[in-house]
Amino acid sequence: MTDTGLVSDELQPAPTPSQPKPVTGVALGGLLLSLVGIALMVLTGVDLRDYNHGGPVSTIVAAVLVLASLYPLWPTALAFAAGRERSALLGDDELVAARRASARGREEGQIAMGYAAAAIIVAVLLLVALSEHDGNSVANTFFTSSAWRKSFPEMLPAFWTNVWVAVVAQVFVLVFGLLLAIMRMLPGRAGAPLRAIALIYCDVFRAIPAIVVIFLIVFGVPLAFPGTANWPGTWLGIVALTMTYSAYVAEVYRAGLASIHPSQSAAARSLGLSYTQTLRTVLVPQAVRRVIPPLLNDFISLQKDTALLSAAGIGEVLLVAKLWEANLFNLSPVLLAAAFFIVITIPQARFVDRLIDRDAAKRKGQ
Amino acid sequence: MAFLEIDDVHKSYGQTEVLKGVSLDVERHEVVCLIGASGSGKSTLLRCVNALEEISSGAIRIEGDTVSGTGVDLNVLRRDVGIVFQSYNLFPHMSVLENITLAPTRIDGLPKAEARERAMGLLESVGMAEKADAYPDMLSGGQQQRVAIVRALAMQPRVMLLDEITAALDPELVGDVLEIVRELARGGLTMLLATHEMGFAKEVASQVCFLDQGSICERGTARDIFENPREERTQQFLSRVVQSGRL
């Protein structure tokens, strides 16, 4: 061995063995949270039975909730046991075994805390929902099943309007957004004025609240262009949503196009493909695949914003829900409208996830 | 008049001059190897010949016709001059066959069946026919590079530019790719290649140019350059290559 200055006993000293971490604190934390969770859940169970006047279903649900809240006691007990084991092993100088016992105990303690915290959150939410003031509660304001039954037959066809508006607007947005994105990336001096127009459009329409655009278009266009006075409001609503969301989607496309490595464009150009051919066959297909997740984000926003059309008097689901709400003095129909949006949005997210996975699998040959 | 003439080419990026007056004549059927350290301008020179980079001054001529500067139909130039890159740059969303037939069908207007036939013939000769329907991500680096060479060849270029095409490959995959280049050289394809594979340059090059800091420092036959380098900088470069075990 020669002294190189890179290696020496001072530079690389022998390590000191690591000591097992304490367990008791974590175990006590688990115990404390478990007890709080159980106490809150017992209160919840009592409230739930009272709310339903001691009916059998509520008794069973209350019992299940309380039993579930007992679960964190089990990992708490394991944590305490591991803590005792750790002390015993440490006494016997079994350092490695003591470290293992400590790690196990701490993990059990953390598991107890995690489940107990979840029980506390659920209990608090239910307590708020069941709390009554002068005969009113969260539960019967939002979850009155008779109100749901009455409003449902009118709400469902109204929601169809939302779906239809969203789908048509999305198709327009896909095309118009891509045109804007390409306009923003036109090269050279010749492209400069068009780049500027696209830039201003995106800035302006991302700045204006969607509801303002809807007002301006749905109420303004029939006044400004008398020929359009007979156009259905839903079509003008689609125009307004398309104008707003194209600005967002153009930005998404642009980010996607910019994320394709310049070497792809170089390879295409070197084969003799023109700028337009390169864009169409190489850049756009790759960019679209990359932007599908953020695109879905904007599409979900668009779907939700179809509810804004109610402000312009278009007969979609929120408008109908508000009529029922005024009729019944109860917000349950509005919650039903919310449920409709949830029901159509979640499967879409999963569907897009699957599409992306399938495309990735195809390219990797799986 | 040489087939490919590079005449006093300068290229700057802002204040940095990357090529400082490079002149080089390449005859038909010649294989010219560019060697030199990273940043010496090898890649930039190749990219300039293909007009992927615009040159600042000087001229590039193919058979006497100037192909650099404004007003040149780049799409015509690039049909004549193919390039293969270090990082393959296959199109990941297309199968091997689609990668190869894209340019012939779109630009030469070749019917699909004919383009397919041409592509399959070329794939056959590089031992990749059974991968025609695979996607680039399913292939090893060496296989991707072979496809990239075929993609460039499918346009039937008269000059091929190879930009360190084995630099990104695992050592055991380099041989297959070099074998194809050897085959092309035997077939008489005019090639200009930047490479770090000194042994290979020695074997195939009819002319070797050592680039240093943006200009050609020394040129000659492979034997001249590798065995009797005259310039001190060439000697230093080669001795560093030997030290790293690459020659």
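**Close-up views**

**View 1. Val96(B), Leu97(B), Ile100(B), Thr101(B), Pro104(B) and Thr105(B) from helix H3(B) touch Lys112(B), Ala115(B), Arg116(B), Arg118(B), Ala119(B), Met120(B) and Leu123(B) from helix H4(B).** Sorted by class, this contact has eight nonpolar, two polar and three charged residues. Keep in mind here, and in the other views, that this is a predicted model. H3(B) covers residues 96–106 and H4(B) covers residues 112–125; their axes come within 9 Å and cross at roughly 125°. With that angle, H3(B) counts as oblique to H4(B). The crossing is right-handed.

**View 2. Over in chain A, helix H1(A) (residues 24–51) packs with helix H3(A) (residues 73–91), their axes coming within 9 Å and crossing at roughly 160°.** Angles over 145 degrees count as roughly antiparallel, so that is what H1(A) is to H3(A). This crossing is left-handed. On the H1(A) side, look for Ala27(A), Leu28(A), Gly30(A), Leu31(A), Ser34(A) and Ile38(A); on the H3(A) side, they meet Leu73(A), Thr76(A), Ala79(A) and Phe80(A). The tally by class is seven nonpolar, three polar and no charged residues.

**View 3. Four strands of chain B make an open, antiparallel sheet, in the order E2-E1-E4-E5.** E2(B) (16–26) and E5(B) (65–66) sit at the edges with a single partner strand each, so each has one side with no neighbour in the sheet. At the E5(B) end, E4(B) (residues 57–62) runs antiparallel to E5(B), and two bridges join the pair.

**View 4. A second open sheet in chain B has six strands, ordered E6-E7-E8-E3-E9-E10, with mixed pairing.** E6(B) (81–84) and E10(B) are the edge strands, each pairing on one side only. Ignoring direction, neighbouring strands are turned by 20° against each other on average. E6(B) runs parallel to E7(B) (residues 159–163), and four bridges link them. Within that pair, Ile83(B) is opposite Leu161(B) of E7(B). H1(B) lies across E3(B) (31–35), E6(B), E7(B), E8(B) (190–194) and E9(B), at about 150° to E7(B). Helix H9(B) (residues 232–243) packs on the sheet too, touching E3(B), E9(B) and E10(B), and its direction makes about 95° with that of E9(B).

**View 5. E9(B) and E10(B) form a hairpin with two residues between them.** In the turn, Gln213(B) has a positive phi of about 50°. E9(B) takes in residues 207–212 and E10(B) residues 215–220, and the two pair in the antiparallel sense through five bridges. Phe210(B) is a handy landmark: look opposite, in E10(B), for Glu218(B).

**View 6. Where chain A meets chain B, 22 residues of chain A and 24 residues of chain B take part in the contact.** The buried area is about 2,100 Å², with carbon and sulfur atoms giving 61% of that. If you want to pick out a few side chains from chain A, go for Ser270(A), Leu271(A) and Arg363(A): they supply 32% of the area that chain A buries against chain B, more than any other three residues.

Terms used. Residues are numbered from 1 along each chain as its sequence is written. Chains are lettered from A and ligands numbered from 1 in the order in which they are written. This is a predicted model: local features need pLDDT of at least 70, side-chain atom pairs count only at pLDDT 80 or more; totals for chains, interfaces and linings use all residues. Side-chain values use heavy atoms; hydrogens and water are left out. Axes are lines fitted to C-alpha atoms, for helices over the stretch in contact, and angles run from 0 to 180 degrees between N-to-C directions. Angles under 35 degrees count as roughly parallel, over 145 as roughly antiparallel, 65 to 115 as roughly perpendicular and the rest as oblique. A crossing is left-handed if the near helix is turned anticlockwise from the far one by less than a right angle, and right-handed if clockwise. Contact means heavy atoms within 4.5 Å. Ala, Val, Leu, Ile, Met, Phe, Trp, Tyr, Cys and Pro count as nonpolar, Asp, Glu, Lys and Arg as charged, and the others, Gly among them, as polar. Two strands pair if DSSP finds at least two bridges between them. Buried area is the accessible area (1.4 Å probe) that two parts lose on being put together, summed over both.
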